[in-house]
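Q: I would like to learn how to read chain contacts, domains and helix packing in a model. Where should I start?

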Amino acid sequence: MILRTAALYLAVFICVLLALSVGAYAFVEREYASLMGPALGTPEAAAGMTSAMRHVVATIATIDLPLVLVFGLASYALARAAIAPVEAARERERIFASDAAHELRTPLAAIASVAQASRATAPPESRAAFEEIARTALDASEIVSGLLTLARDPRPGVLQCEPVDLAGVVTACVRDLNGAASAHGVRVETQPGSAIVDGDERRLRQLAANLAENALRYARTTVRISSLQTPRGCELIVEDDGAGIPEAERERVFARFYRRERDGTGNGLGLAIVRWIALAHRGTVTVREASLGGASFVVTLPQHPDV
Amino acid sequence: MMRILVIEDNPSIADAIRQMLEGQKLAANVVGDGEAGLDHLLRQSYDAAIVDVMLPGMDGFAVARSARAEGVQTPILMLTARDGVEDRVKGLDCGADDYLVKPFVEEELVARLRAILRRGDRPVVAAIDVGKLHVDIGARSAAYDGKRIEFGATEFRLLELLARNAGIALSRAQILERIWDYDFDGSSNIVDVYVSQLRRKLKKFGGGSIIETVWGVGYRLTT
């Protein structure tokens, strides 16, 4: 980041310097010619002019080269002075987010683990209550994680990238989903086509899981999860055969804490996190009408450069 | 009865973990700080250890690193309230076997613990040497011709798999199944992408040709 900014400063300076040097050369040449006047016609004068101009070029070069050197150092120092505080602020923000998560999760972990451990020994009538306490603490922790994710800029720098095949992400997602799907009485279809991206596998699985969970909530009978390689890039598509999303609502569904149904399901962060993950991978997510009749979420990510 | 060492400073969580383990017929020994925990790991034999990252005094990373440096092979499950990528990687680099974020679901803790306990049954291979290639499994690092090369987590697992099967050609399907756990029909180029990354890194140290393409089969690490 610092080097890139410094290079930019230096490039601008070199352009200006080059223009000035060419200008100076042209000016000296014109002055020389007008001084010599008609005498310039003789071969001796022309040779004299050539050697004089050569001298001018040498002079300009001896002035320019040290200037470029000095400015090169100066632009590095300037870029450092300009960028370092920004990077330091980002780092402080990262540490704060991480510390805050830790402080919030520790008590939630105590609640969740004590409640879970007490289930076994609790009298039957309070077992459900312990379950509920544990689940709520786990949900709260999920919201903490989600908010901390959304609080950071979606840049590739926050990801742990390596080549990932979206087909693998889709298969893992379907495997994890099967239990929940049969509980909803929904069939999961899958078409995993190989599509390799430079991505953070953990994040991409989270993206697929959030989209799948959302689709499951609205599907009537079927959810279809697929991946494929297209000329536009690598696509991960999650479709359902529910009521679909009206055109006017399609952008809003990605806003944090936006819920389509006030039925208390979901924490309102799932699709916001989907968009965050897509953006961090330099990708996009859009909603269309699915061929199944419901909503179709299409995530498009750039293909891995080595493929 | 299997014995599990629990190094956790929060008494409520420590006690809950002890109850969960006892429910699984596992004996738990709870220690509240890093130094004492390390001392237990060094002096006594446990089947596995659950180690919290944030501990007073010596943290969980340091406990795992010191234990591994002393040759302790006990499987370690790290427990942390942070889910940052840096922590995850750091935990595994310190020699932990797995990593679980707090708060956790009891079933997941048990499943992860069972998985590392099974791993503990396997004969421990600390390092594999194939020609000039040195793969240190415990420390998850590799070197070629004595020079350390940085590999990503998946790259390392692929290198380890090839090294464990040095001289034997592995098919793309075998590699896919073992490293990625992908069970979809159809083809994926992911193996080739990783092999070219491995080759590129090895090439810088003169080992560009140690991974051979076996035509019609897959890949092989030359001995």
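Q: How many residues of chain B are in contact with chain A?

A: Start by asking what counts as touching: a pair is taken as in contact when the C-beta atoms, placed from the backbone, lie within 7 Å. This is a predicted model. On that basis, 32 residues of chain B meet 32 residues of chain A.

Q: Which helices of chain B each supply at least two residues of the side that touches chain A?

A: Take the residues on that side and assign them to secondary structure elements. Helix H1 (11-23) and helix H8 (190-203) of chain B each supply at least two. H1(B) gives the most, with 7 residues.

Q: How does the side of chain B that touches chain A divide by residue class?

A: Sort the residues into nonpolar, polar and charged. The side of chain B facing chain A has 15 nonpolar, 12 polar and 5 charged residues.

Q: What can be said about chain B as a whole?

A: Chain B contains 8 helices and 12 strands. Its C-alpha trace spans about 60 × 40 × 30 Å along the principal axes. Of the 223 residues in chain B, 38% are buried, where buried requires 20 or more other C-beta atoms within 10 Å. Among chain B contacts with a separation of 6 or more, 57% join residues 24 or more positions apart.

Q: Which domains does the assignment give for chain A?

A: Read the bounds, then the spacing, then the contacts. In chain A, domain 1 covers 1-152 and domain 2 covers 158-301. The C-alpha centres of these two domains of chain A lie 33 Å apart. Across the boundary, 7 residues of domain 1 of chain A are in contact with 7 residues of domain 2 of chain A. On the domain 1 side of chain A, the touching residues are 2 nonpolar, 2 polar and 3 charged.

Q: At roughly what angle do the axes of helix H5 and helix H6 of chain A cross?

A: For a helix pair, take the approach of the axes, the angle and the handedness. The axes of helix H5 (residues 201-218) and helix H6 (residues 270-280) of chain A come within 9 Å and cross at roughly 145°. The crossing of H5(A) and H6(A) is left-handed.

Q: Which residues meet in the contact of H5(A) with H6(A)?

A: List each helix separately. From H5(A) the residues include A:Leu204, A:Leu207, A:Leu211 and A:Asn214, and from H6(A) they include A:Leu271, A:Val274, A:Ile277 and A:Ala278. By class, the contact of H5(A) with H6(A) has 8 nonpolar, 4 polar and 2 charged residues.

Key:
Residues are numbered from 1 along each chain as its sequence is written. Chains are lettered from A and ligands numbered from 1 in the order in which they are written. This is a predicted model: local features need pLDDT of at least 70, side-chain atom pairs count only at pLDDT 80 or more; totals for chains, interfaces and linings use all residues. Domain bounds come from an automatic or database domain assignment. Two residues are in contact if their C-beta atoms, placed from the backbone, lie within 7 Å. Ala, Val, Leu, Ile, Met, Phe, Trp, Tyr, Cys and Pro count as nonpolar, Asp, Glu, Lys and Arg as charged, and the others, Gly among them, as polar. Helices (H or I, at least four residues) and strands (E, at least two) are DSSP runs, numbered from the N terminus. A residue is buried if 20 or more other C-beta atoms lie within 10 Å of its own, exposed if 12 or fewer, and partly exposed in between; C-beta atoms are placed from the backbone. Axes are lines fitted to C-alpha atoms, for helices over the stretch in contact, and angles run from 0 to 180 degrees between N-to-C directions. A crossing is left-handed if the near helix is turned anticlockwise from the far one by less than a right angle, and right-handed if clockwise.
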